[in-house]
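I opened this model to look up how its parts meet.

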Amino acid sequence: MASQENLYSSFQIVDEEEFLSYFKKLGEAILVIPKEILYFANVALSKNCMGAAKKKVTLDTIKSSEATETVAVLCIDDPVMLTKICKKLELVPKYKKHIIMIPRYSPSCQSTFEKIPNHEDIHITEFHAEIIPIAPDKFIVPVPLAYNNCFCEADISDVYTISRALLRLTLIHGFPSRVFTAGTISRRVYELMQNLKHQICSDNSSTYFSTKGAKYDDLFIIDRSCDNITPFVTQCTYAGRLDEAFNPKYGFMELPDGIQLEGYAPNSTIRLDDNDLVYKEVKSMNIAFAFDWMRNISTEATKIQGLLNKTRGTPEWRQHSRRATEILKIRPFNNLHYQLIDRIPMAQTYVKHMRDFQFDVIFNNSTDFDQIYDFIHRGRYSDALQMLILSSVTSDGIPQSQLKKFEEILLSLIGFDFVPDWIRLQAGGLITPRTFLKFGSKFSTVMRELKLLIDDEKAPTNDFYAGYYPITARLVENCLKTGWGPSSVCNKTMKNMGIELNTYKVDEQQPPKKSSDGKPFRRVLVFVVGGMTISEMSIFEKMGEQLFSDNQEFSYQFHCGSTDLITRTRLVETFCPSLAKNTI
């Protein structure tokens, strides 16, 4: 299919007007950005927004001072970050202090702020940057604590933020003809979208939210809790392994020591996007295939000069010359990624043990608890907890004796800070006790009925999770093929898991769209509440290219959105912050 239309970059232009209008009222103000969200700010704010400030500084540079200045500090919807900012602003008592909450000043942050001493000196405003583009077909609604809040803390205030963002999306790009929800939170998101929609226009015949000419044909809203397995399985794509190994943020990656891109300073930050000619080609490949691709480019680069000399003066020379020019552009990026792939931990024993453990738990429903204890003794508490969670969600819980033992060990090693983390894990259903012997599990049924095991090693979707097919992807695929009716396999299977599937027909389906090359297609938006992995997003792209290619009438183009781009480590540390400072 031809290159995809970027539906999300326009939101930055709209948001720019709101930001510049607010900053103009402040006069000459310093823009302060916490280091944790520096790269987020670079994506959320346009160059004009950044340029509106008197100067830009990071929060850690603010020192004790009696000077008079005006500062505006960016803050995401996170009570911990808000508390940290207010504590820092105590150092500058004479400053005019403003905090810009992105994308919303939620009730949890309001409650936290009201308990902070001298908070009356600080003015808080909202900046509704709700759609953050990370690729032409991918975006983030920046509520990174959505999983913890919605599924562990029973705090559904994020539902409003998500509903508002998706409604804004449909206001600009049209309302899809069909909406599908999987899970209670997703159903609430859609219901709130409808309520907000009617507040904007009570007349259903209004041109607002029309399905005619809508950019999306179908919208899927899925609870992350419908598939708690995928985030805890090691990603096998190159982009996924980069994400797990180097923790890039919003496409910005700080290069490890000793690695640099030609023409850039050592230890600089690079942008992982389609302007990187190698990353563009290999990001969705299995990491082994990505390595082969890079090696082939290196081999070709060493041979191309000889071919040019050999064919000089012949018709073949022009062809080799064009290829030499292409390789000249690619080579700096290829050298960079060749170095990076060498740093990704693949051969280390602990990585192999982790993957073997995941395979046994998912495909054989067998848990070797000694491996988890071994990871704990090695100080890899986060990895151990990920293994424990995966075992629990695939086996309907952990035997009580084992669970009690793990709790005592982790509490003794990490301290009492771990107590609320452990409670959250149990409240979210990620770690639960199993009090009786049971043959098989609910996940075993899901595994069998939804065909989550990929038997064909050559299948296009085999490269993402080494033979495992995410529940989220299978739900969407089956729905588009056969629907989610009461008698469908998906409906029966997920109902057994206690998960509700809903279908809302908004209007008659519109004719397929036409791409720039004239081929008909339907565009589907998949939004996951609670985070998606980058490999998970890539599967949907592959689905559009391969799984529906036999449809002669039209193909599918998938777009993905979520509340965060997650890895198994980042997800665990959102509801277990004590691990972040106590693990290797």
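**Entry 1, domains.** I worked on a predicted model. I found the protein chain divided into domain 1 (8-129), domain 2 (134-231 + 463-569) and domain 3 (238-343). I took domain 1 and domain 2 as the pair to look at, and I noted 32 Å between their C-alpha centres.

**Entry 2, extent of the interface.** I looked up the contacts and found that 17 residues of domain 1 touch 22 residues of domain 2. The area buried between domain 1 and domain 2 came out at about 1400 Å², with 61% of it from carbon and sulfur atoms. I then asked which residues of domain 1 lose the most area to domain 2. They are Tyr 8, Phe 11 and Arg 104, which together make up 48% of what that side buries.

I looked for salt bridges between domain 1 and domain 2 and the count was one. I noted a salt bridge between Asp 15 and Arg 168, with the closest N and O atoms 2.6 Å apart. For polar contacts across the interface of domain 1 and domain 2, I recorded seven residue pairs, both residues at pLDDT 80 or more.

**Entry 4, the domain 1 side.** I checked which elements give two or more residues to the side of domain 1 that touches domain 2, and these are helix H1 (9-26) and helix H5 (107-114). H1 gives the most, with three residues. By class, I listed 10 nonpolar, three polar and four charged residues on that side of domain 1.

I moved to the loop between helix H11 (287-311) and helix H12 (315-343), where Thr 314 lies.

I went through helix H20 (residues 489-496) and marked Cys 490, Asn 491, Thr 493 and Met 494 as buried. I then asked what the buried residues of H20 pack against. They pack against helix H18 (442-449), helix H19 (471-482) and strand E14 (501-505). Just after H20, I noted a positive phi of about 80 degrees at Gly 498.

Conventions:
Residues numbered from 1 in each chain as written. Predicted model: local features only at pLDDT ≥ 70, side-chain atom pairs only at ≥ 80, totals over all residues. Heavy atoms only, no water. Domains from an automatic or database assignment. Contact = heavy atoms within 4.5 Å. Buried area = accessible area lost by both parts, 1.4 Å probe. Salt bridge = Lys/Arg side-chain N within 4 Å of Asp/Glu carboxyl O. Polar contact = N/O pair within 3.5 Å; in protein donor to acceptor, adjacent residues only side chain to side chain. Nonpolar A, V, L, I, M, F, W, Y, C, P; charged D, E, K, R; others polar. Buried < 20%, exposed > 50% of the residue type's maximum accessible area, 1.4 Å probe, protein only.
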